[in-house]
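Take a walk through this protein chain, from its overall make-up down to single side chains. Keep the model in view as you read.

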Amino acid sequence: MAGGFSTAAAGGREFEAKITPIVIISCIMAATGGLMFGYDVGVSGGVTSMGPFLKKFFPVVYRNTQNPDINSNYCKYDNQGLQLFTSSLYLAGLTATFAASYTTRNYGRRPSMLIAGIFFIVGTILNAAAQDLAMLIIGRIFLGCGVGFANQAVPLFLSEIAPTRIRGGLNILFQLNVTIGILFASLVNYGTNKISGGWGWRLSLGLAGFPAGLLTLGALLVVETPNSLVERGHLEEGKAVLRRIRGTDNVEPEFLELVEASRVAKEVKDPFRNLLKRRNRPQLVIAVALQIFQQFTGINAIMFYAPVLFDTLGFGNDAALYSAVITGAVNVLSTVVSIYSVDKVGRRMLLLEAGVQMFLSQVVIAIILGIKVKDHSDDLQKGFAIFVVIMVCTFVSAFAWSWGPLGWLIPSETFPLETRSAGQSVTVCTNLLFTFVIAQAFLSMLCHFKFGIFLFFSSWVLVMSIFVLFLVPETKNIPIEEMTERVWRQHWLWKKYIDDDYHIEGANGAKKNGHSNGFDPVTEL
């Protein structure tokens, strides 16, 4: 656990870093923010396929599911109110992200995680005790605010505290916890669905208190990141924390780089406006595109509504929840694959391989459903039904070792310090906005597109794979503060954006990533 190694830096310098227990524990605690997010995603799909829940809050949908004459297979869950129950969380998260960005930048990563935990706890209590639809939606809005704060702070925290060599693996802990949360929710739904008396959905929603409590406890126990401490002027404390998390006294080179990055960051008065400058275009374009593409893989549509989807395909309610548990388990195992491979194989290779796998599996699902599942028939024989689950698992596994974790990892490691918090805000906002769009539209799309919905998503997978092939550079094993020199300047297209005005910023003697012209950040301070 404490095996020492050095992380290579530009210009032949070495940053010493051991994998210390404090780093591992901090990352595990922080990543429980992902557990909460995953649980929310998984639980909403499960409870919306439970009869007693629908009967209480969405009687129209309940009547549709009970009456075989009213609606076609694909349309029985098509209801804007039901979609709003799922999507209100993401709209609230979107709004909360702006407050979260301010908190994360000015008060640190830890307070943002603590606020997220408190929001989660309040939202859980309101949901579990909900008496009417309004109370249910208000609870979801509180949960959404928690998601906004957690998704802002946790990926930044993990990127900044991890040594460069294993930054990818530790950052993916967040996504691993998202997948564990989804699996945990699926298992809970499977169990609570069997409770007689019709209150099982309250237990499903109430058990979100477990990950919420873990995140709140974690936020109280973890250390603040050295990047954040230096950024807020606590230099000595930042250096002390850096010594603790790196497990060595020789942290001067890395500390100087943090101080220099922070000095440049302080010159930026408005990080959001700075984000729009030409030299930040590559990071911004890639971060926004990755989030949009991540949603248009169709993963959340499948994960939110897995029970509803399988029920629609004629699996029956119990079998539907059971199938959702299987896909949840595949999701977790495949994310573990990503943790081991991301810093060895690299980001690009995982994204490209998964693109092929996701495209093929979605096309096959569309063909089977097109032939076998008509509007008013459940003619999906057992063999075909199992094959559909296998194809969904093939799709989910590819997503879980690529677009799932890397959609968060790549933006969090490419933005320079002066725009990192603002960049993470834009990343989270884009993700939540398009998650909201897909969540609000999916059941209606399923009703109108029918099996064609899988062809719709597969065509997007093709587009995003071409984008990765030409426009996403490799970032494995490159220190965050050296991305400009070693990644963007080397790229065939993005270098055009960096060269124009990048040196102007360094007019007072320092480029951001190297200490040129004899500049010494400590003397300067």
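The chain has 26 helices and two strands. Helices (H or I, at least four residues) and strands (E, at least two) are DSSP runs, numbered from the N terminus. The model is predicted: local features need pLDDT of at least 70, side-chain atom pairs count only at pLDDT 80 or more, and totals for chains, interfaces and linings use all residues. Residues are numbered from 1 along each chain as its sequence is written, and side-chain values use heavy atoms, with hydrogens and water left out.

Start with the chain as a whole. Of its 525 residues, 62% are buried. Buried means under 20% relative accessible area, exposed means over 50%, and partly exposed lies in between (1.4 Å probe, protein chains only). The accessible surface comes to about 18400 Å². Carbon and sulfur atoms hold 67% of that surface. Such areas come from the Shrake-Rupley method with a 1.4 Å probe, and for residues only the protein chains shown count as cover. Now look at contacts, meaning heavy atoms within 4.5 Å. Take the contacts between residues at least 6 apart in sequence: 79% of them join residues at least 24 apart.

Next, follow helix 7. Helix 7 has 29 residues and reaches 41 Å from its first C-alpha to its last. That is close to the 42 Å expected at 1.5 Å a residue. The expected span is 1.5 Å times one less than the number of residues. At Ala 150, helix 7 bends by about 25°. The bend is the angle between axes fitted to the seven residues ending there and the seven starting there. Helix 7 is mostly covered, with 23 of its 29 residues buried. Ile 138 also sits in helix 7. Ile 138 counts as partly exposed because its relative accessibility is 44%. Its C-alpha atom is separated by 7.4 Å from that of Leu 126, twelve residues apart along the chain.

Helix 13 covers residues 252–266. Its 15 residues should span 21 Å at 1.5 Å a residue, and its end C-alpha atoms are 21 Å apart, so the two values agree. Twelve of the 15 residues are buried, so helix 13 is largely enclosed by the rest of the structure. Among the buried ones are Glu 254, Phe 255, Leu 256 and Arg 263.

Turn to charge. Side chains of opposite charge can pair when their charged atoms come close. A salt bridge here is a side-chain nitrogen of Lys or Arg within 4 Å of a carboxyl oxygen of Asp or Glu. The whole structure holds 15 salt bridges. One of them joins Glu 160 and Arg 420, at 3.1 Å from N to O. This pair links distant parts of the chain: Glu 160 is in helix 7 and Arg 420 in helix 22 (residues 417–449), 260 residues apart. Glu 160 and Arg 420 are both buried. They also belong to a network of salt bridges with Arg 105, Arg 109 and Glu 231.

Glu 254, back in helix 13, meets Arg 246 in a salt bridge of 3.1 Å, N to O. Both of these residues are buried. Arg 486 and Glu 482 form another salt bridge, with their closest N and O atoms 3.2 Å apart. Is Arg 486 buried or partly exposed? Arg 486 counts as partly exposed because its relative accessibility is 32%. Glu 482 has a relative accessible area of 0%, so it is buried.

Gln 283 is in helix 15 (residues 281–296). Its relative accessible area is 2%, so Gln 283 is buried. Leaving aside neighbours within four places in sequence, Gln 283 contacts Thr 414, Phe 415, Pro 416 and Trp 488. Thr 297 lies in the loop between helix 15 and helix 16 (299–304). Thr 297 is buried, with a relative accessible area of 0%. Not counting residues up to four places away in sequence, Thr 297 touches a set of residues including Met 358, Phe 395, Trp 403 and Met 464.

Finish at the surface. Leu 462, Ile 466, Leu 469, Phe 470 and Trp 492 form a nonpolar patch there. Together they have about 520 Å² of accessible area. Patches are made of residues with over 30% relative accessible area and no salt bridge; like charges are joined within 9 Å, and nonpolar side chains (Val, Leu, Ile, Met, Phe, Trp, Tyr) within 5 Å. Phe 470 is found in helix 23 (residues 452–471). Its relative accessible area is 47%, so Phe 470 is partly exposed.
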